[in-house]
Amino acid sequence: MESEEEDIETKRTPRVRALLSKASQYNDIANIGEIARRSFGNNAFDGILTMLGVLIGSLSSDVTNPRVVITTGLSTAIAIMISGAWGAYLTESSERKKSLNELGRSTLSDLNGSRIGRASRFAAWAVALVDGLSPFLGAIVVLIPFFFSARFPEIRQVYYASIAAALLALFALGMWLGNVAKENLVVYGLKTLLAGIVSIIIGSLLDGH
């Protein structure tokens, strides 16, 4: 039995390596990494702030049932995931198709079946995946305390824990962006954290309490 599993793993390893090698080649051709990195930062930021808005609205409306917050949050997270992935794919594939056609006209050749064409299509799917998953994951991080609401004495404490998780996630995202920019991590963290604080203040003012 162990021998059969080892044989399967041995056969699978070259395939994985081939896929990773091909992805690396496509990245070199289509510059996927840089675009995906920007998409992740921007959309994770949107996902966290969107969910922070859901929390403030639910808290202001005195929603005390954790399931209602979870359902609302998940519905919102799924919506922004679909929106992000779908919109990114259509936009990215359109722009890359345009560039590919222009390059094809300038070289008097059809590049759709070429390595450049395959890299272009792979890039559109990869960017769409990042665009969709990043806001969804950011939103889920904020919702985590509500999945453990039974451990909290009061529902307001769950809200406060989720708001704290959102602010912490924003700060961590800012530090990551600072690392990408090779700048002060704390300063970048504070910049993204400030956006969360401003959202909370505005949401509280709209509540009117």
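Which pattern does the chain follow, read along the sequence? The pattern is α-α-α-α-α-α, and the chain has 6 helices and 0 strands, where helices (H or I, at least four residues) and strands (E, at least two) are DSSP runs numbered from the N terminus. This is a predicted model, in which local features need pLDDT of at least 70 and side-chain atom pairs count only at pLDDT 80 or more, while totals for chains, interfaces and linings use all residues. Residues are numbered from 1 along each chain as its sequence is written, and side-chain values use heavy atoms, with hydrogens and water left out.

Of the 209 residues in the chain, 34% are buried, that is, under 20% relative accessible area with a 1.4 Å probe, protein chains only. Among contacts (heavy atoms within 4.5 Å) between residues at least 6 apart in sequence, 72% join residues at least 24 apart.

Helix α5, residues 155-181, has 27 residues and reaches 39 Å from its first C-alpha to its last, close to the 39 Å expected at 1.5 Å a residue, an expected span being 1.5 Å times one less than the number of residues. Its buried residues include Val158, Tyr159, Ser162, Ile163, Ala166, Ala169, Leu170 and Leu173. An α-helix has 3.6 residues a turn, so residues three or four places apart point the same way. Just after α5, lysine 182 takes a positive phi of about 60°.

Leucine 194 lies in helix α6, residues 185-207.

Terms used:
Buried < 20%, exposed > 50% of the residue type's maximum accessible area, 1.4 Å probe, protein only.
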